[in-house]
Amino acid sequence: MESIAAFKFCCVLLTLLVLSSACEATLSSNKFYDKTCPKALSTIKTSINSAIARERRMAASLIRLHFHDCFVRGCDASILLDETAFIQSEKFALPNLNSARGYEVIENAKSEVEKICPGVVSCADILAVAARDASVYVGGPSWGVRLGRKDSRIASRPAANRELPSFNDGVDRLIARFKTKGLNARDMVALSGSHTLGQAQCFTFRERIYNNVTIDAGFASTRRRSCPRSGGDANLAALDLVTPNSFDNNYFKNLIQKKGLLRSDQALFSGGATDNIVLEYSRDRAKFNADFATAMIKMGNLVNPSPGQIRRICSAVNK
């Protein structure tokens with residue numbers, strides 16, 4: 001009996017190793033499409049830049065969209081799938097509902113790429129490249145995006161509800177969530193620095209500006225102007241009041257001054273394990289940029305090992 005159990009254990013272990021190797025082997029260098037679609041990256045960049053030129057806020061939305069995709073079953077464009085009789089769309093998960101955006105921008109980039117090389121470039125790769133291009137457009141770092149992802153045939157709303165970080169998470173909870181994805185505390189703080197861009201809805205920070213003592217009084221007063229005690233749940237406020245449309249390290253300077261908008265923001269500088277990292281990034285923008293790029297590469301390498309496809313359109317699986 002022991003030998004049989006040992007044999008089964010070895011089989012399971014071998015299977016996991018094979019899946020792990022397949023996951024690592026799935027992605028290649030940024031030259032992946034050089035022969036099959038040599039203008040893919042330039043076409044994506046043109047499309048993304050045009051979208052951000054029309055609406056500067058879109059840069060934050062595209063970075064967030066890539067993040068919310070990768071944290072659920074890996075970077076497989078599952079977040080882009082619409083609801084069907086067979087698919088529970090992640091778009092309707094609580095962390096994404098009426099908040100995640102930029103779907104049409106990725107769909108448009110996909111359409112432009114399909115015109116020059118149909119059926120070659122995955123939506124998941126386009127989303128990963130779009131996040132990098134968005135960062136660069138607003139003054140953030142660049143990084144080499146590894147390519148070769150496949151698009152998922154399914155989505156998982158329960159996983160999105162369960163695994164995506166919450167605006168109410170404390171630092172220990174955040175560290176634990178990221179650890180399950182192979183990302184350490186430094187990666188977590190660096191990626192949280194993307195909140196140097198973008199906006200949040202009133203309902204996500206109302207509790208903090210009205211009932212939280214660990215907040216700058218003037219900052220809270222300013223935020224109350226657009227976020228009443230009741231109503232106005234969807235009213236928006238910039239996560240970084242100083243330079244909301246530029247990728248810089250002001251986000252970390254804000255945290256030191258108790259001006260983090262979300263509870264999960266201020267948790268990074270609250271007497272816990274990540275205080276020193278916040279201090280470091282607040283003083284050294286170049287270090288933050290470098291660590292952000294490194295963390296984005298690590299996150300982008302979270303690949304779903306299940307068989308995938310190259311979707312013709314990003315919102316639906318191929319028929």
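**Close-up views of a predicted model**

**Figure 1. Y33 sits in the loop between helix 1 (2-26) and helix 2 (40-54).** Everything shown here and in the views that follow comes from a predicted model. Is Y33 buried or exposed? At 4% relative accessibility, Y33 counts as buried, because that value falls under the 20% cut-off. Leaving out residues up to four places away in sequence, Y33 touches P38, A40, V120, V121, S122, D125, L147 and G148. For a sense of scale, look for N184 as well: 151 residues separate Y33 and N184 along the chain, and their C-alpha atoms are 31 Å apart.

**Figure 2. The largest nonpolar core brings together 72 residues.** Good places to begin exploring are L80, I106 and M299, the residues with the most contacts inside this core. Helix 5 (residues 123-137) supplies the largest share of the core, with nine residues. A second, separate core has 13 residues, among them A200, F205, C227 and L262. Zooming in on I106, and setting aside its neighbours within four places in sequence, you will find contacts with L62, L65, L80, I126, L127, A130 and C314.

**Figure 3. Helix 5 is mostly covered, with 13 of its 15 residues buried.** From first C-alpha to last, helix 5 reaches 20 Å, close to the 21 Å expected at 1.5 Å a residue.

**Figure 4. N96 lies in the loop between helix 3 (58-70) and helix 4 (103-116).** How is N96 classed, buried or exposed? Its relative accessible area is 1%, so N96 is buried. Not counting residues up to four places away in sequence, the residues that N96 touches are H68, I79, E90, K91, Y103, A160 and L164.

**Figure 5. The largest pocket has a volume of about 1000 Å³.** Its lining is made up of 39 residues, and R64, H68, P95, H195 and L262 lie nearest the centre of the pocket. Two or more lining residues come from each of helix 3, helix 7 (171-179), helix 8 (185-192), strand 1 (199-201), helix 9 (202-211) and helix 12 (263-266). Which of these elements gives the most to the lining? Helix 3 does, with six residues. Sorted by class, the lining of the largest pocket holds 20 nonpolar, 14 polar and five charged residues.

**Figure 6. Two cavities of 30 Å³ or more are found in the structure.** The largest cavity holds about 60 Å³ of space. Around it are H66, A128, W143, G144, V145, R146, R149, M296, I297, G300 and N301. Helix 14 (residues 285-300) provides the largest share of this lining, three residues. By class, five residues of the lining are nonpolar, four polar and two charged.

**Figure 7. The second largest cavity contains about 30 Å³ of space.** R56, R57, A59, A60, L197, G198, P244 and N245 form its lining. Sorting these residues by class gives four nonpolar, two polar and two charged.

Note on methods:
Residues are numbered from 1 along each chain as its sequence is written. This is a predicted model: local features need pLDDT of at least 70, side-chain atom pairs count only at pLDDT 80 or more; totals for chains, interfaces and linings use all residues. Side-chain values use heavy atoms; hydrogens and water are left out. A nonpolar core is a set of buried Ala, Val, Leu, Ile, Met, Phe, Trp, Tyr and Cys residues joined through side-chain atoms within 4.5 Å. Buried means under 20% relative accessible area, exposed over 50%, partly exposed in between (1.4 Å probe, protein chains only). Helices (H or I, at least four residues) and strands (E, at least two) are DSSP runs, numbered from the N terminus. Contact means heavy atoms within 4.5 Å. On a 1 Å grid over the protein atoms alone, a cavity is a set of points where a 1.4 Å probe fits but cannot get out, and a pocket is an open set with protein on both sides within 12 Å along at least five of seven lines; lining residues have an atom within 4 Å of a point. Grid points are joined across faces, edges and corners, and a volume is the space filled by probe spheres set on the points. Ala, Val, Leu, Ile, Met, Phe, Trp, Tyr, Cys and Pro count as nonpolar, Asp, Glu, Lys and Arg as charged, and the others, Gly among them, as polar. The expected span of a helix is 1.5 Å times one less than its number of residues.
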